[in-house]
Amino acid sequence: MPLDDKICMDGFTGALLAVDSFDGMVTVLHGPGGCRNYHTFMTTTCYPRRPPKNFKKYAHRYFYWTARIPCTYMDETDYINGAEDKIEDVLDMVKDVDGGMAVFIKSPGAALIGDNVSDVIERRGYSGIAMAIEESLISQPFSSSYDGTVRDVIAWRRPERGRARKGTANLLGLPITSRSWRDSLSELEKILSMCGVEVISSPGAGCSISDIADSANAELNVMVCPEYGSRTAEYYEKAHGIPCVRGPDGAPVGFDATESWIRAVADAAGTDPSEALRYVDGHKRRAAETIDKLVYNQRTRGCRFAVHADSSVLLPLSKWLYGYLCMLPVHLSAEPGEDAACMRALGEFVSSRGLEGCLSKDIAKSGAHFAFADGQMAETLELMGSCRKGIGMCAPDLACCSFIPKPVFGAHGAMYLLDEIFNGQ
C-alpha cells in the first residue's frame with residue numbers, strides 16, 4: 001500500500017465532522033444525497049448518540065429517518081436553477097430540531113453553482129441560529145479544515161470575554177476521530193485537574209453551546225494536537241487575549257510526552273505538577289512490573305515498527321517506542337496538514353540516530369512487525385501480511401468495536417498501546 005495510493009479523509013469530511021462535534025448543532029449538507037451516506041456513518045461511528053424517544057421528528061424529507069447530517073438532496077434541476085427553496089425549507093425545519101442551531105456546508109459540486117446560503121439565512125432572519133461555510137474545503141487537509149471549521153463556529157457564536165476564571169482552560173486540538181476520544185478527554189481533564197487546572201470547554205470534542213459561551217473566560221488554552229487546534233488558538237488569542245500552551249514533544253502520547261506536556265501546562269498556569277507526574281509514574285511502575293513478569297520480557301527489543309499518523313502523534317510515539325521499548329522505526333510518515341515544529345523535531349530525531357531511510361520507505365514493504373495508523377489502514381496492512389499487528393489510532397476504523405476505554409493520549413493511552421503491542425506478538 002504505497003502512500004500515494006492511500007485516500008486520506010479530506011477537508012470536506014473534516015468540516016462536516018467538526019460541526020457535528022458540537023452538541024446542540026445540526027450539520028446540514030447542501031448537496032446531493034450521495035454525499036451524505038458515508039459521512040452520516042462516519043459521524044455516527046465517531047460520536048454515537050442515543051436517539052431521542054421522539055424519533056418521528058427525523059421523518060422529515062431532509063432527514064429521511066436518519067438523525068445525523070440532514071441533506072438538501074440537490075438534483076439536476078437544482079444544479080441548473082439553484083436550490084434556495086430547499087435551503088429555506090431546511091431552515092424552517094432545523095430551528096426546532098436538536099438544539100435549534102444549524103451550520104450549512106456545501107458539497108464540492110454545490111459550491112460551484114452559486115447558491116449563497118448566507119444570504120438566504122440573513123434574508124429569513126435566522127443569522128442568530130444558522131451559519132454557512134461558503135468556501136469549498138475539499139482540497140484542504142482533513143485536520144486543518146476541522147480546525148478552521150471549529151474556529152468559524154466559535155467566531156460565529158461570538159463568546160464575550162468577562163473576567164478570566166483563575167485556573168481554567170480550554171482543551172483544544174482533540175478531534176472526535178481519535179480513538180476513544182471521550183476517554184482521552186476524561187483522561188486529560190483528570191491530569192489537568194491534578195495540576196490545578198479545570199477544563200471548562202473542549203471545542204471540537206463534545207463542546208456544547210453553553211461551553212462556547214464560557215470558553216472566552218478561560219485563563220489559557222491547552223493544546224493536544226496542533227493540527228486540529230492552532231487556528232482555533234489563534235482566534236482565542238486575537239479576540240480575547242487567551243494564550244495557548246502546547247507540549248514540547250507534540251501530543252501527550254506515551255509516558256515521556258505526557259510528562260513533558262504536564263510540565264509545560266503547569267509552568268504556564270503557575271501550578272504544581274507533582275501530583276499529575278506521580279499519577280503518570282504510577283502507570284509507568286505498573287507497566288514495568290507487568291513487563292518484568294513476562295517470560296520473554298525483552299521481546300520488543302529490536303522489533304520493527306511503522307507509523308503513519310498526524311505529525312503531533314507521529315513524533316512522540318516514534319520517540320517513545322524507540323527509547324522506551326527499544327524498537328526500530330522502518331517507516332515514519334505524517335498525514336497531510338503537518339505541524340512544522342513537530343516535523344522539524346522528527347527530522348532531528350531520525351538524523352541524530354542515522355534513521356533517515358525510514359522517511360522514504362513504502363509502509364507496505366517496510367517489513368514492520370507493528371504498524372500504527374488509522375484503523376482502516378492498520379487492518380488492511382495486517383490482512384495483507386505487511387505487518388504482524390496493525391494498531392488503529394483513529395478513524396476511519398470499520399473493524400473497531402470496543403467496550404472498554406482505549407484512549408490514545410495520556411497515561412491510560414500509553415497503557416493501551418503497550419497492551420496492543422505485547423498482546424499482538
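I'll start with T300, which at 4% relative accessibility counts as buried. This is a predicted model, so please hear every value as computed from that prediction. T300 is found in the loop that runs between helix 11 (274–293) and strand 8 (304–309). From there, the side chain of T300 reaches the backbone oxygen of L325, at 3.2 Å.

Now the overall layout. The chain is divided into three domains: domain 1 covers 3–140, domain 2 covers 158–280, and domain 3 covers 292–423. I'll take the pairing of domain 1 with domain 2. Their C-alpha centres lie 29 Å apart. Twelve residues from domain 1 and twelve residues from domain 2 take part in the contact.

How is the size of an interface often given? As the accessible area lost when the parts come together. For domain 1 and domain 2, the buried area is about 1,000 Å², and carbon and sulfur atoms give 65% of that. On the polar side, four residue pairs are in polar contact across this interface, with both residues at pLDDT 80 or more. How many salt bridges cross between domain 1 and domain 2? The rule finds zero.

In the whole structure, the search finds 21 salt bridges. Let me go through a few of them.

Next is R124 with E88, whose side chains meet in a salt bridge at 3.8 Å, N to O. R124 lies in the loop between helix 5 (117–123) and strand 3 (130–133), while E88 is in helix 4 (residues 84–94), so this pair ties together parts that are 36 residues apart in sequence. R124 counts as partly exposed because its relative accessibility is 31%. E88 is also classed as partly exposed, at 25% relative accessibility. The pair belongs to a network of salt bridges that links E84, E88, D92, R123 and R124.

Then there is K95 with D96, a salt bridge in which the closest N and O atoms are 3.4 Å apart. K95 has a relative accessible area of 34%, so K95 is partly exposed. D96, at 58% relative accessibility, counts as exposed.

The largest nonpolar core has 104 residues. Which of its residues touch the most other members? Those are F372 and F409. The element that gives the most to this core is helix 15 (residues 410–422), with eight residues. Apart from this core lies another, of 19 residues, and F63, V90, M93 and V94 are among them.

A word more on F409. Leaving out residues up to four places away in sequence, F409 touches L174, S178, S184, E187, L188, V224, C225, A251, P252, V253 and V313.

To go back over the main points: between domain 1 and domain 2, about 1,000 Å² is buried, and zero salt bridges are found across that interface. The salt-bridge network to look for on the screen is E84, E88, D92, R123 and R124. In the largest nonpolar core, the residues to look for are F372 and F409. That is what I have for today.

Technical notes: Residues are numbered from 1 along each chain as its sequence is written. This is a predicted model: local features need pLDDT of at least 70, side-chain atom pairs count only at pLDDT 80 or more; totals for chains, interfaces and linings use all residues. Side-chain values use heavy atoms; hydrogens and water are left out. A nonpolar core is a set of buried Ala, Val, Leu, Ile, Met, Phe, Trp, Tyr and Cys residues joined through side-chain atoms within 4.5 Å. Buried means under 20% relative accessible area, exposed over 50%, partly exposed in between (1.4 Å probe, protein chains only). Helices (H or I, at least four residues) and strands (E, at least two) are DSSP runs, numbered from the N terminus. Contact means heavy atoms within 4.5 Å. Domain bounds come from an automatic or database domain assignment. Buried area is the accessible area (1.4 Å probe) that two parts lose on being put together, summed over both. A salt bridge is a side-chain nitrogen of Lys or Arg within 4 Å of a carboxyl oxygen of Asp or Glu. A polar contact is a pair of N or O atoms within 3.5 Å; within protein, one must be able to donate a hydrogen and the other to accept it, and residues adjacent in sequence count only if both atoms are side-chain atoms.
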